[in-house]
Amino acid sequence: MAFPPCPSSLKQIQHFLKIAQEHDDRDIVVAYWSRLYALQIGLKISAQQSDETSLLLAIMDWLETVKRENSNNEAITNEVAALAHLENYALKLFLYADKQDRESNFGKNVVKAFYSSGVIYDILQTFGELSEEALGNRKYAKWKAAYIHNCLKNGETPIPGPMREEGDDEETNTTTPIDDNSPDITANGDPNEADDPNLELIEPRSADSALPTAEEILKNPNKLPSPPVEEEKPGGFEPFVPPEHVPSAQVVDLQITPEQMIKAQKYCKYAGSALNYDDVKTAIENLQKALTLLTTGQDV
């Protein structure tokens, strides 16, 4: 389906529309929720000009058609399934880009993977507030995309992994911070350059010619290399030592509402995502929240 051009007054949503366009043939779930999020933002900022209305109505028509044609796809009809799908997709892109970055395999494809991951984390706000892990991944991915893009543009060699200053234990950015509320990535003062529609994905510089590119990962996430078990993750984590005895929860006869059930499922999904980073503490905290909600009806 051909969409009207995005007017400059709706520039804030063009990144989500671009992600949607790139995934129309790769992953209809990502395309669907990208355009839905763009529509939600567009309706809020629209001045109801004719060119804005034309685009937003076209998006509405497309969403209705896709939802009808994919009525058996739970990741489109069910928000819990959609949340899990997008979280997993964003995380796979993030881990791919992070692994390439830490192995000094820099290239425009790594910039694209980091940036796309950050934008998809933005789209996850459709389902509510982001988890601490998702917020951290989003911030790091957008910063890393801008940083590597700057270095490649200026002929410099990026520093792999989190940026640290000498004598400082905390991670610090040496590039201009990216506003998490803005879809723009600014590289050397040129907005949107990192998301140039003419940007081609290139092979990372690597001795391993069989290494999949970001383009291949987007088409087939199963090609994603397994992250090293002992590799340090952005932000790190503190090992969690469980208490010697955890009192078992008493199950009572409660009538759990659909909203509570969905919230409990989200806590379980957050716990699963935390385990991808070996963050046992966060996983246990979310599982305990789910257990408390299901056994007492209280959301702590």
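These are my notebook entries on a predicted model of a protein, with what I looked up in it.

**Ground rules.** I number residues from 1 along each chain as its sequence is written, and I leave out hydrogens and water, since side-chain values use heavy atoms. Because the model is predicted, local features need pLDDT of at least 70 and side-chain atom pairs count only at pLDDT 80 or more, while totals for chains, interfaces and linings use all residues.

**Confidence.** I began with pLDDT, the predictor's confidence in each residue, from 0 to 100. The protein averages 76, and 69% of the residues score at least 70. Over residues 165-211 the pLDDT stays under 50, although the model has 94 contacts there beyond four places in sequence, a contact meaning heavy atoms within 4.5 Å. The stretch 224-239 is also below 50 in pLDDT, with 30 contacts beyond near neighbours in sequence. Where pLDDT is low, the predicted coordinates should not be read in detail.

**Helix H5.** Next I looked up H5, which covers residues 79-102; helices here are DSSP runs (H or I, at least four residues), numbered from the N terminus. How far apart are the end C-alpha atoms of H5? They are 34 Å apart, which agrees with the 34 Å that its 24 residues should span at 1.5 Å a residue, the expected span being 1.5 Å times one less than the number of residues. I noted that 17 of the 24 residues are buried, so H5 is largely enclosed by the rest of the structure; buried means under 20% relative accessible area, exposed over 50%, and partly exposed in between (1.4 Å probe, protein chains only). At the N-terminal end, Asn 78 caps H5 with a side-chain oxygen 2.9 Å from the backbone nitrogen of Val 80. After H5 comes Ser 104, whose phi is positive, near 60°.

**Ile 59.** I then turned to Ile 59 in helix H3, residues 50-69, and found it buried, with a relative accessible area of 0%. Leaving aside residues up to four places away in sequence, Ile 59 touches Phe 3, Leu 17, Arg 35 and Leu 39.

**Salt bridges.** Side chains of opposite charge can pair when their charged atoms come close. I counted a salt bridge where a side-chain nitrogen of Lys or Arg lies within 4 Å of a carboxyl oxygen of Asp or Glu, and the structure holds 9 of them.

Glu 22 and Lys 112 form one of these, at 2.8 Å from N to O. This pair links distant parts of the chain, with Glu 22 in helix H1 (residues 14-23) and Lys 112 in helix H6 (residues 108-123), 90 residues apart. Glu 22 is buried at 18%, and Lys 112 is buried at 8%. Lys 18 joins Glu 22 and Lys 112 in a network of salt bridges.

Arg 35 lies in helix H2 (residues 28-45) and Asp 24 in the loop between H1 and H2, so the pair ties together parts that are 11 residues apart in sequence.

**Cysteines.** Last, I looked for disulfides (a pair of cysteine sulfur atoms within 2.5 Å), and the structure holds 0. Cys 6 is partly exposed at 27% relative accessibility, whereas Cys 151 is buried at 4%.

Methods:
Helix = DSSP H or I, 4+ residues; strand = E, 2+ residues; numbered from the N terminus. Polar contact = N/O pair within 3.5 Å; in protein donor to acceptor, adjacent residues only side chain to side chain.
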